[in-house]
Amino acid sequence: DMSGEQREWDATYPLKRKGSRANIESLISAAVSLVTVDHVESNPDNLAKYGLEVPFFQLSITDNKKTVTMMLGNRTPEGTHYYCLVSGIDDVLTIQADTIIFADEVQLSFIYEYAYMVNYIELTQLKFKYDGEEYILTYEIDGDDETLYFNGINVYLDEQRDYRFDFKCIGTSLYGIAIDTIEIEPNHTDEIIIDIEYTLKDGSVVTVVGYKRDDYTYSVYVNDEYIGGYSNIRGLTGTKENYGLAGCIADMKSLLGIKD
């Protein structure tokens, strides 16, 4: 999509979702710099012996003029090269194996995996329910002046007790909610694991809800729309050092002297 200030990518399969720009463009950069090494056979009758009848990897790149497709088959006997075909050339060629740095990438690498992420300076409130409790994070930000409240308590007590960084760890933990595994059709219970409501300065509201899938995972929805995969619960239950939500909350309560 070239309509904005910079090029953006959209994934259309297996999910219709924003693409991972960095990983996609890294793939393209690697692909356009590939160089074939040896000619093996012209007009081959038996592609199967090279693993090219059903290639293990196929990459097609289309611009406004043409499409170029590269197919990779088996490794050569010494293991240092792949047999390959390139569209428009009816010959089996080889390509150096260590230049193929993208063939083992999983589909998820090319999809924007995070459920929702916004700069905290754009927020006025972050309200969420987790583990039977509701928490409200309030943001009053004017330039470099930041007043932050955890359940109504200013987290800047004095110069020696400035807990604004610890407060921000909670938001960072929530930003970590992401697709760990693609699952095209949702498969979960009705039990809500995490329920988040972001309120932005412009008045818009974004919701992120996670529904229990099993004892280890939960399916994720943004603004009531399933994002196409599930996340691991350990990202919520981990320690503060690992930006686990439970650990960040416990730390914030301890610093502010809040007792359960």
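**The sheet and its packing**

Guide: Strands here are DSSP E runs of at least two residues and helices are H or I runs of at least four, numbered from the N terminus. This is a predicted model, where local features need pLDDT of at least 70 and side-chain atom pairs 80 or more, while totals for chains, interfaces and linings use all residues. Residues are numbered from 1 along each chain as its sequence is written, and side-chain values use heavy atoms, without hydrogens and water.

β14 and β18 (residues 225–232) run antiparallel, joined by two bridges; pairing takes at least two DSSP bridges. The whole open sheet has nine strands, ordered β11-β10-β9-β8-β15-β16-β17-β18-β14, with antiparallel pairing. β11 (153–154) and β14 (181–182) each have a single partner strand, so one side of each lacks a neighbour in the sheet.

Now the helices. α2 (residues 164–175) packs on the sheet, touching β8 (123–130), β9 (133–142), β10 (145–150) and β15 (192–200), with its direction at about 70 degrees to that of β10. α4 (residues 245–256) also packs there, touching β8, β9, β10, β11 and β15, at about 110 degrees to β8. Contact means heavy atoms within 4.5 Å; angles run from 0 to 180 degrees between N-to-C directions, from axes fitted to C-alpha atoms, for helices over the stretch in contact.

Finally, leaving aside neighbours within four places in sequence, the contacts of I194 include F128, L174, V208, Y218 and L245.
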